[in-house]
Amino acid sequence: MQAALGVIYFLLSVAMYYFNMERIQLGVDLMYKVLLAAAVAGISFMVFLVRTNLARARLLLKYICLLILPHLAVILVSMPIWVYRMQGGVVMRRGLMYQIYGIIAVLAMAGILYVFGEKGFWLNLAAMVTANLITILEVIRAQGMGAYLAELRKLIMTFAGETGELMGAVEIHELTFAIGLCLLFCMMNWKRIRKSPGVGLLLAAAVFCFLSGFKRIGIAAIAAAMLSRIILGAVSGGRRRRWLMLFSFCAIGGMFVYIWLVKSGIYEFLSDYFHLDTMGRRELSWYIDEYYWIGPDYIGNGAGFVSRMFYDLPAEYTIRALHNEILTIYIDIGFWGFWLWMLLYMPVRSWAMAKWQDVEGGILCCCAGLFVLLTAMTDNTINYTYVTGSLAISVMSYRLEALEGD
């Protein structure tokens with residue numbers, strides 16, 4: 001029975017990760033990946049009804065409630081803003097659906113862990129890698145292994161300075177970041193997972209996929225998160241919890257400073273000074289500049305505002321997203337909404353995981369959250385469904401089977 005369930009979950013998950021952008025029209029556009037994630041969550045609930053494990057269910061339910069709090073906050077904060085700004089139904093629907101997608105991703109990952117325990121993390125990672133390898137093998141079959149490896153080598157050696165046509169074909173932003181987050185969790189938790197059967201081969205395949213989709217900000221975020229993990233891990237005794245909370249508050253303060261740097265023009269100056277290739281992101285920030293300001297009197301425009309605005313850009317703009325999710329959240333839900341969201345995303349999550357798991361679990365949660373925030377400075381990772389799920393399954397799987405017995 002468990003083996004059959006494993007096959008079903010694996011195939012559903014592979015399809016979920018393979019169909020990244022495909023949609024179906026059911027009154028509104030719905031992504032296949034979200035429908036497949038909902039199917040995973042639904043099957044898991046049926047398994048719960050047949051094979052009830054109340055201890056595991058109670059633990060996962062606590063995690064679910066914690067992880068969906070930022071999504072609920074965006075919805076609740078946006079409701080009065082939508083009314084005040086008289087936003088159209090398209091804006092509201094976009095803002096609402098992004099949060100619903102995230103919630104469904106959390107439920108799906110919790111469902112996988114309910115059925116398979118800590119092995120669910122490996123099943124999910126294997127599905128991500130398999131889906132990515134299918135895309136890579138399609139390119140290799142068309143162009144040849146030699147051409148692929150030559151472009152991959154050039155991509156790595158130039159640190160993504162030169163991206164060939166083949167590398168562009170396998171660059172799935174959302175999946176690459178999600179795999180990177182799982183790799184980060186494995187590195188941070190290496191002592192516990194290194195003896196898992198088959199882990200070496202799976203991680204090698206995951207590294208290959210991550211490098212094929214090479215994201216400079218992803219590598220920088222992993223390095224920063226690992227450094228933070230080392231620093232927090234070096235603190236001893238009762239001070240670890242205090243340092244963890246201090247670090248999480250500093251992280252959200254740093255994100256606010258980043259918004260100020262963008263708005264003030266200092267970010268643009270630094271980009272020019274250090275010759276940073278922002279790939280058009282500065283121009284996108286100029287386009288949105290008039291719609292927000294820094295201050296407690298800025299109430300926002302409601303979730304979905306930035307997304308819809310960039311969807312409606314003139315034809316000469318080839319990029320249809322701001323590629324700065326930190327700034328997007330601020331513009332959408334305003335000064336106070338941004339601080340509420342950040343508090344729920346970092347300090348509250350870190351504190352709760354440190355209490356429910358142990359301080360080590362709180363540190364892992366904090367550093368994983370830091371990875372997402374850093375990548376969100378130049379991409380849309382906060383609202384990426386795969387990244388939301390990857391963060392959720394990494395955090396929830398830590399010591400799951402040991403804690404359910406306490």
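This is a predicted model: local features need pLDDT of at least 70, side-chain atom pairs count only at pLDDT 80 or more; totals for chains, interfaces and linings use all residues.
Q: Are the rings of Phe121 and Trp122 stacked or edge-to-face?
A: Searching the whole structure turns up 24 aromatic pairs. In the pair made by Phe121 and Trp122, the ring centres are 5.0 Å apart and the planes sit at 85 degrees. Planes over 60 degrees apart get their own label, so this pair is edge-to-face.

Q: Is Trp122 buried or exposed?
A: The cut-off for buried is under 20% relative accessible area. Phe121 is buried, at 2%. Trp122 has a relative accessible area of 17%, so Trp122 is buried.

Q: Which ring does the charged end of Arg349 sit over?
A: A charge has to be within 6 Å of the ring centre to count. Lys33 lies over the face of Tyr386, 4.8 Å from the ring centre. For Arg349, the charged end is 4.4 Å from the centre of its ring, and that ring belongs to Tyr345.

Q: At roughly what angle do the axes of H5 and H19 cross?
A: Helix H5 covers residues 89-116 and helix H19 covers residues 385-397. H5 passes H19 in a right-handed crossing. Their axes come within 8 Å, and the crossing angle is roughly 40 degrees.

Q: How many charged residues are in the contact of H5 with H19?
A: On the H5 side, the contact includes Tyr101, Gly102 and Ala105, while H19 brings Thr385, Thr388 and Gly389, among others. Sorted by type, the contact residues come out as ten nonpolar and five polar, and the number of charged ones is: no charged.

Methods. Residues are numbered from 1 along each chain as its sequence is written. Side-chain values use heavy atoms; hydrogens and water are left out. Rings of Phe, Tyr and Trp (its six-membered ring) pair if their centres lie within 6.5 Å; planes under 30 degrees apart count as stacked, over 60 as edge-to-face and the rest as tilted. Buried means under 20% relative accessible area, exposed over 50%, partly exposed in between (1.4 Å probe, protein chains only). A charge sits over a ring if NZ of Lys or CZ of Arg is within 6 Å of the ring centre and within 35 degrees of the ring normal. Axes are lines fitted to C-alpha atoms, for helices over the stretch in contact, and angles run from 0 to 180 degrees between N-to-C directions. Helices (H or I, at least four residues) and strands (E, at least two) are DSSP runs, numbered from the N terminus. A crossing is left-handed if the near helix is turned anticlockwise from the far one by less than a right angle, and right-handed if clockwise. Contact means heavy atoms within 4.5 Å. Ala, Val, Leu, Ile, Met, Phe, Trp, Tyr, Cys and Pro count as nonpolar, Asp, Glu, Lys and Arg as charged, and the others, Gly among them, as polar.
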